[in-house]
Amino acid sequence: MESTALTAPQADVQPNVIAEVRGGIGWLTLNRPQALNALSLEMIRAMSHALLAWQHDPEVHAVILRGEGGKALCAGGDIRFFHRAATAGEHTQLVTFFTEEYRLNHLIFQYAKPYIALMDGVVMGGGMGISQGASLRVVTERTKMAMPETNIGLFPDVGGGWFLARVPGHVGEYLGVTGQMIEAADALSVGLADCHVTTEALSAVVQRLRDGTWQSAEQIAACFTEAATAPDAAKAIVIPHRAAIDACFSQATIPAILANLAGSTDAGWAAQTAAHMAKRSPLMMAVTLELIRRGRHTTLADELRRELDMMTHVFAEGDGIEGIRALAVDKDHSPKWKHASIDAVRDDEVAAFFVSPWRREQHPLLGLSD
């Protein structure tokens, strides 16, 4: 079966997700390059539809996810939609979006066939949610990876509290709390990627796969691993500062982390990190730290249920609306956070984010299993 589109374009307009079977591979191409392939609800539904259709299709041996445009796999969720829905009081729309997005994340993590994510360019937030569950995560010299949610008054969701909790040492807390962007070498060093392929080689591999006919997932995956090379570590942040990251971000609270940064012998990195944190939502940094610590002791399904609970709080009691306004709506980059400093954040405020508004038997993500 060749080039069978599951989401046909209307008239001359290409869909935002192009789903096709070609050469024994299910190709999922995110096709919203003008928005760095940010996920809309329509795109989430198109991806889910294709993956469910291919899961038991004998003609599909593996799935490959890629992004159109050359700049991003996926920059995250459609945060302007979040802002419009929240300010209009349309909380049902938000619950629907995140419920369906988290179901997609769970499907990818549990997928019955090899799922290969080409993490070329920007891969942030929701982009991590659709790639971290892949059986093969390919990065390039253009990869810019982050969970930057604290910068917009949110927390690292899409399973972030689960996969960041499983990063070695305390790098997960560092990445989640600060939203620090990393590139290929760092991603490989902490297990957030599996192999590095240059963009030139990646283009050739993709063309070879699209031109051929493949009979096994092993053949398909080997095309990437055989093209893999060592990444350039010149811009690495985690690798050269790993000891300081673990020392500082192992602390129990955000104030303790900041105190350790102030006294760190890795002075340049520490000062830069503290300055970075000063721009983040104090409340959501505290929430994120607690999320990742709890994530070490939970299943993925329970983590996604927890994150949906938290999203019901973040737009009502957190800094989500203000953070998105400052970054993406008014673009003044001057958010007025709920708290001016981390010292003003109360323990009971943080704890409130972990209280579910639903009884477990009524939870929208009840059906998820591990």
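Helices (H or I, at least four residues) and strands (E, at least two) are DSSP runs, numbered from the N terminus. The model shown in these views is predicted: local features need pLDDT of at least 70, side-chain atom pairs count only at pLDDT 80 or more, and totals for chains, interfaces and linings use all residues. Residues are numbered from 1 along each chain as its sequence is written, and side-chain values use heavy atoms, with hydrogens and water left out.

View 1. On a 1 Å grid over the protein atoms alone, a pocket is an open set of points with protein on both sides within 12 Å along at least five of seven lines, whereas a cavity is a set of points where a 1.4 Å probe fits but cannot get out. Lining residues have an atom within 4 Å of a point. Grid points are joined across faces, edges and corners, and a volume is the space filled by probe spheres set on the points. The largest pocket holds about 670 Å³ of space. It is lined by 30 residues, and Ala 75, Gly 76, Gly 77, Ile 79 and Leu 327 are the closest to its centre. At least two lining residues come from each of H2, helix H3 (91–109), S6 and helix H15 (320–329). H2 supplies the largest share, five residues. By class, the lining of this pocket divides into 17 nonpolar, five polar and eight charged residues. Here Ala, Val, Leu, Ile, Met, Phe, Trp, Tyr, Cys and Pro count as nonpolar, Asp, Glu, Lys and Arg as charged, and the others, Gly among them, as polar.

**View 2. Ala 85 in helix H2.** Ala 85 lies in H2, which spans residues 79–87. Buried means under 20% relative accessible area, exposed over 50%, and partly exposed in between (1.4 Å probe, protein chains only). Ala 85 counts as buried because its relative accessibility is 3%. Leaving aside neighbours within four places in sequence, Ala 85 is in contact (heavy atoms within 4.5 Å) with Glu 90, Gln 93 and Leu 94. From C-alpha to C-alpha, Ala 85 is 26 Å from Ala 301, and the two are 216 residues apart in sequence.

**View 3. The second largest pocket.** The volume of the second largest pocket is about 320 Å³. Of its 17 lining residues, Arg 66, Gly 67, Asp 120, Leu 202 and Val 206 lie nearest its centre. Strand S3 (62–67), S4 and helix H8 (199–211) each give at least two residues to the lining. The most come from H8, with six residues. The lining of the second largest pocket has five nonpolar, seven polar and five charged residues.

**View 4. The open sheet S4-S6-S8.** Three strands form this sheet, in the order S4-S6-S8, with parallel pairing; two strands pair if DSSP finds at least two bridges between them. Strand S4 (72–74) and strand S8 (144–146) are the edge strands, each pairing on one side only. From one strand to the next, the twist averages 15°. Strand S6 (residues 122–124) is joined to S8 by three bridges. Across this pair, Met 124 stands opposite Ala 146 in S8.

**View 5. The largest cavity.** The count comes to one cavity of 30 Å³ or more. The largest cavity contains about 40 Å³ of space. Its lining consists of Met 128, Met 145, Ala 146, Met 147, Leu 164, Leu 175, Gln 180, Ile 182 and Leu 192. Eight of the lining residues are nonpolar, one is polar and none is charged.

**View 6. Helix H6 and its cover.** Eight of the eight residues of H6 (residues 171–178) are buried. Among them are Val 171, Glu 173, Tyr 174 and Leu 175. The cover over the buried residues of H6 includes helix H10 (242–249), helix H11 (254–262), helix H12 (267–277) and helix H13 (282–295). After H6 comes Gly 179, with a positive phi near 75°.

View 7. Leu 41 is found in H1 (residues 41–54). Not counting residues up to four places away in sequence, Leu 41 touches Thr 96, Phe 97 and Glu 100. Ala 46 and Leu 28 are 18 residues apart along the chain, and their C-alpha atoms are separated by 9.4 Å.

Conventions: Axes fitted to C-alpha atoms, helices over the stretch in contact; angles between N-to-C directions.
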